[in-house]
Amino acid sequence: MTVSVGDMIPDLELAATGDEAQIRLRDLIGQKVVLYFYPKDNTPGCTQEGQDFAALEDEFRAHGARILGISRDTVRKHENFRSKYGFGFTLLADVDEAACGAFDVIREKNMYGKKVRGIERSTFLFDSEGRLAREWRKTKVDGHAAEVLKAVKAL
């Protein structure tokens with residue numbers, strides 16, 4: 001089942017960077033949650049997207065929102081990526097693709113003439129009651145974090 005606008009945040013538990021080790025998404029009810037899925041750590045677009053969210057993190061927090069980045073990379077890779085760029089927010093490792101499946105973000109892509117399965121850059125905004133309020137699919141990095149912040153402020 002794919003999560004759609006109006007649905008509750010899925011009851012998934014994912015390995016996390018930082019002090020938490022594991023985050024259960026349902027435990028985040030009570031705060032606004034921005035889940036952004038990105039293809040891979042340390043790639044130009046994903047690095048820029050992370051930096052854009054990091055630059056606005058204080059504003060997201062001021063409006064009661066928590067940012068979580070998700071990719072299929074391991075926690076170890078996430079820790080290095082997070083440390084290298086100074087991201088204050090948590091990154092979640094979805095190595096078994098449970099979250100990717102729940103949000104239907106895995107797509108077949110064409111990479112240098114070869115077909116590969118990868119994450120389609122997507123963002124999901126949950127309200128403080130745990131319901132999906134907005135979704136952005138096939139997002140472009142430029143200006144995206146600011147657009148998500150605008151939506152958070154409107155909730």
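Which strands does helix H1 lie across? Helix H1, residues 44–55, lies across strand S3 (32–37), S4 and strand S8 (122–126), and runs at about 165 degrees to S3.

Before going on, some conventions. This is a predicted model, in which local features need pLDDT of at least 70, side-chain atom pairs count only at pLDDT 80 or more, and totals for chains, interfaces and linings use all residues. Residues are numbered from 1 along each chain as its sequence is written, and side-chain values use heavy atoms, with hydrogens and water left out.

Helices (H or I, at least four residues) and strands (E, at least two) are DSSP runs numbered from the N terminus. Contact means heavy atoms within 4.5 Å. Axes are lines fitted to C-alpha atoms, for helices over the stretch in contact, and angles run from 0 to 180 degrees between N-to-C directions.

Now the sheet. Seven strands form an open sheet with mixed pairing, in the order S2-S1-S5-S4-S3-S8-S9. Two strands pair if DSSP finds at least two bridges between them. The edges are strand S2 (22–24) and strand S9 (132–136), each pairing on one side only. On average, neighbouring strands of this sheet are turned by 30 degrees against each other, direction ignored.

Let me take S3 next. On one side, 6 bridges join S3 to S4, and the two run parallel; phenylalanine 37 has isoleucine 70 of S4 as its bridge partner. S3 is also joined to S8, by 5 bridges, and this pair runs antiparallel. There, valine 33 stands opposite phenylalanine 126 in S8.

How many residues of S3 are buried? The count is 6 of its 6, where buried means under 20% relative accessible area, exposed over 50% and partly exposed in between, with a 1.4 Å probe and protein chains only. Lys32, Val34 and Tyr36 point one way from S3, while Val33, Leu35 and Phe37 point the other way.

Isoleucine 70 comes up again on the way to S5: its bridge partner in that strand is leucine 92. Strand S4 (residues 65–71) and strand S5 (residues 90–93) run parallel and are joined by 4 bridges.

Last, the hairpin of S6 and S7. Strand S6 (residues 106–111) and strand S7 (residues 114–119) run antiparallel, with 6 bridges joining them. Asparagine 110 has lysine 115 in S7 as its bridge partner. The hairpin has 2 residues between the strands, and tyrosine 112 takes a positive phi near 55 degrees.
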